[in-house]
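The following note sets out some points for a colleague who is reviewing this model. Please read them alongside the sequence and the coordinates.

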Amino acid sequence: MGRYPRYTLDRIQQLGDRLQAKNYPEKIAATSIEFAGPVDRISHDQATQLTYRPASLGESLGPTWATFWFKVQFQIPESWVGNRADFIWSSNSEALLWINGRSIQGLNSKALFDDPCRKEAMIFDSVSEAQTLDLMIEVACNGMFGDEYLAGGNQTSTGLRSPYWLEECELAQYDQLAWDLYHNYNVLRQLIKDLAPEDVKDGEAIKNVSDPAWFGKLFYDLNHICNIYKADDRKTWHEANMILEELLQNRNGGIAHEMSAIGHCHIDTAWLWPIEETHRKCQRSFSTAVNYMDRYPEYMFTCSQAYQYDIVEKLNPDLFARIQEKIKTGQWQPVGGAWVEPDCNLPSGESLCRQFLFGQRYHESKLGSRASVYWVPDVFGYNGQLPQIMALSGINYFLTQKLSWNRFTSPLHHTFNWQGIDGTSILTHFPPSDTYNSVATIKEMRYHVSNYKDSDRGLDAYYVFGHGDGGGGPTLPMLETLRRCKDLQGVPRVTYRSPQDFFERLENNTRDIPTTVGELYLEIHRGTFTTHSLTKKLNRKSENALHDAEFLSVISDKNDKAKLDELWKLVLVNQFHDILPGSSIKEVYVRTNKELQDVCDDATTLSQDFATAWLDGSDVQTPINTIGYDRTEVTENGDGKLVFIEAPSYGSGKITSTDDTPTLTQANDQYVLENKHIRATFAASGQLVSLSDKQTNRESLTAPGNRLRLYNDNPTIWSAWDVDPSLLESGEDLVQADSIKPLKTQSDLRQGLTLTYAFGNDSSIAQNITIDADAKHLTFDTTVDWREDCRMLKAEFPVDVLSDTATYEMQFGVATRTTHTNTITDTAHFECPGHRWVDLSEDGYGVSLFSDCKYGYLVRNGVMGISLLRATGYPDATADRGVHQFSYAVMPHAGSWRDAKTPKYAALFNSPVTWAKGASNSESQSLFNSSDPFVVIDTIKPAEDDDGFAMRLYEAAGGKRSSTINVALPVTKAWLCNVLEDKLEPLTLVDGKLDIELNPFEIKSIIFK
């Protein structure tokens, strides 16, 4: 062998391509091809009733999202008896093969991530006789990632052709020797390519190889195969394969990286396709997985998202039964435990609890057991209460990889204990391949080893492979590669392991596991806190409406739990991590917004029914307080009239009076709004030039507040997902209002101003800025006609408060983040998630902002900002254009946010009283209350398993607390339970009083009966 290694290495690579071409030595065309469509997404049984017409290769299909059904017939010749026969199909789209009414395998015609597409499906392992074969193919006119038109059509001589067209339809005879020869060779040619240095030159010896002896043997033997192999001489095939099999027997040394492998397909419940298409993606991907398990008994596959199992159970019960059988054999491993893989920044704490409540109960009843691993590889950041919520839901382990996408910093570890804000720890693993779309190449597996950040502590890491997002999962080449890499020298030891087995190994074999504390903030995709604002508003309104309906159902004894569960599941599905964040196509939001509005309407109707049943049926109007704080405030009654009410925690209230009367005065071209708590001064331009609380008489602003500011918002990538840091360099103030005039309220309980602005591309803003009697905050009720492109609107308040940290409400607690850019991590936090409030406080004084539906905030260098609207271009070019209505408020206060009871006032701001006809027998009596204001009774709901009810509460201020919970309903028993409502221990209940203790930010659930 001459000294020309570069030529030799190229030669070795090229032979593999020629070997692959021999896998199918003979193919036959169909004797008949017929098709029907376009039609809607229909069942197989409905498809059999369609009228079919002749089709031929080259048939154009479409439009996008259309469905076609094909009937194909083959005549299998006598010469094929005893051989395997595969069906080969390409419609340049997604498709599903059906045989005798059973879904067999998904077929995908486009290559993904440099991995071969899935065009082949085995029909016969061994043909038994010459026969007629009838097949049906369900064609979906879309690609794995949605609309192929987005990338442009295919130019032909006749003009622009649909990207969906029938290209291949054949039956192929399979050659086992050719198949084995190719895959044996392919693994080793990949290995030598990855082992070879990049600077190999002809005429020189190969140097700087980590394992020169092994490389040298591969180099010589693979080159020898190139010399002896003859395409037309099967004797040389056998000779070459013997060399390959001997090479594949070379093993690693005594210590080697242990790569636990499992296949998956991570199907986005909606994204670049509507949710209806996800239902079919599940059937295609799951059919393929079950089919491959029959051929590869070692193969293990995992899938999360109970909703997707539920869909398959309903639409394809035969496939679901096959999945259940594979679960029993251990090849199919359910994981996740949640209803979907939700966004983990935006849903409320109760919503995340319901994800697990519905998900784990489905796992237990339909999949055999509860999940132990929370599996969310592609979520845009993880709040600091997740470890506790997971632990309370029966979850022991957590897997994701998304933080590998960070733009500023890289996570310190791939394996660590993640400690939440309450101190709960969950063993966490980030697969070191840094992707959830691993394709089982040798290069990727070797990267997996070299990239693992905790190899000094242990040798175990997880390898999650298969095509994700659009589904599909593993392909045959992936399975063939892993079959040959159980213990191949130069490649990690590969063993299929279940998630439970892997995490147990990780726990037992990893030394000195480090701890990471608090939220796992993703340094990318910050625009998802704001994009598709209507969806986010409806999400919060839906959560609140269901909260109220459940409480009222408990006190009325008029339970409709089945309907409430149905509504909750709609909310949970629409909290999926590409729906609620705003990163899906327009078709998704047409459905989502309707569903969430229906939830609001239906839950409100239920609330009225429950409230009416609880009251005495008279014609009086009664305010009902549905949250766990006492309230005295101005509100609109059922007739739209402003009244002042008082109402205790979770109880009925009454109309009363107040000694406070807000005023609006005008002098020296300024307007002054004030009541007994705060004073706000506005310039003639509409700017808020002064804001002070009367308790301290301290000015809270350093410059005009409520600064409406437009930013250029054109991220370099991922329009709907991202906000770039350069956005903060481009702000433009709306300084001058077009008009400012007193608000007509027809009541002395409220005073205000109406401001209007016109700007940009015919956009406009109208704000009613109001102050109510006895209110401690100034409210901004805002209507925006938003017609901008690539702009972002913020409301900002420069405040006279000095603190290096700000506090943001999150699920069942708070997140504290810096207000400066001292470190790279600080710099990365230029847009942060928050829920109902954010606060900036120094010793003795602070300012809080409330929002009724916004989730994006930034507090930096003394400026507090709320992100109000975006105008993104992809994947929905119409996102957010239109009319929006929302409210926010500012509250200056003495002391800290704890002293000011900011959580209470933000909760009141988000949850107005419910008005119903009828009088209460327990006027001004609280049905549920806590003696400590920071032990928050968050949820009252019907119990899952009996006729009692459940209560969820949490410690809200970050300290150990004792509280007495008072229940005015006739209860005699109480049990501490977890999120899944397993009764853990009985509690002492005396005359409806229950004494409890909570640790900082602890969540507790209690069942009463």
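1. C344 has 0% relative accessibility and therefore counts as buried (under 20% relative accessible area with a 1.4 Å probe, protein chains only; exposed is over 50%, partly exposed in between). C853, at 2%, counts as buried because of that value.

2. This is a predicted model, in which local features need pLDDT of at least 70 and side-chain atom pairs count only at pLDDT 80 or more, while totals for chains, interfaces and linings use all residues. Residues are numbered from 1 along each chain as its sequence is written, and side-chain values use heavy atoms, with hydrogens and water left out.

3. With a disulfide taken as a pair of cysteine sulfur atoms within 2.5 Å, the count is zero. For C344, the nearest cysteine sulfur belongs to C353, 12 Å away. For C853, the nearest is that of C600, 12 Å away.

4. R295 lies in helix α6 (residues 275-295) (helices are DSSP runs of H or I, at least four residues, numbered from the N terminus). R295 is buried but has no salt bridge (a side-chain nitrogen of Lys or Arg within 4 Å of a carboxyl oxygen of Asp or Glu). The nearest side chain of opposite charge, D86, is 5.1 Å away. Leaving aside residues up to four places away in sequence, R295 touches R84, M122, L476 and R483 (contact: heavy atoms within 4.5 Å).

5. In helix α1, the buried residues are P5, T8, L9, I12, Q13, L15, G16 and L19. They cover an arc of only 150° around the axis, so they lie on the same side of α1 (the arc is that of the directions from the helix axis to the C-beta atoms). These buried residues pack against α3 (176-195) and α4 (212-228).

Definitions and conventions. Helix = DSSP H or I, 4+ residues; strand = E, 2+ residues; numbered from the N terminus. Lys, Arg positive; Asp, Glu negative; His and termini not counted.
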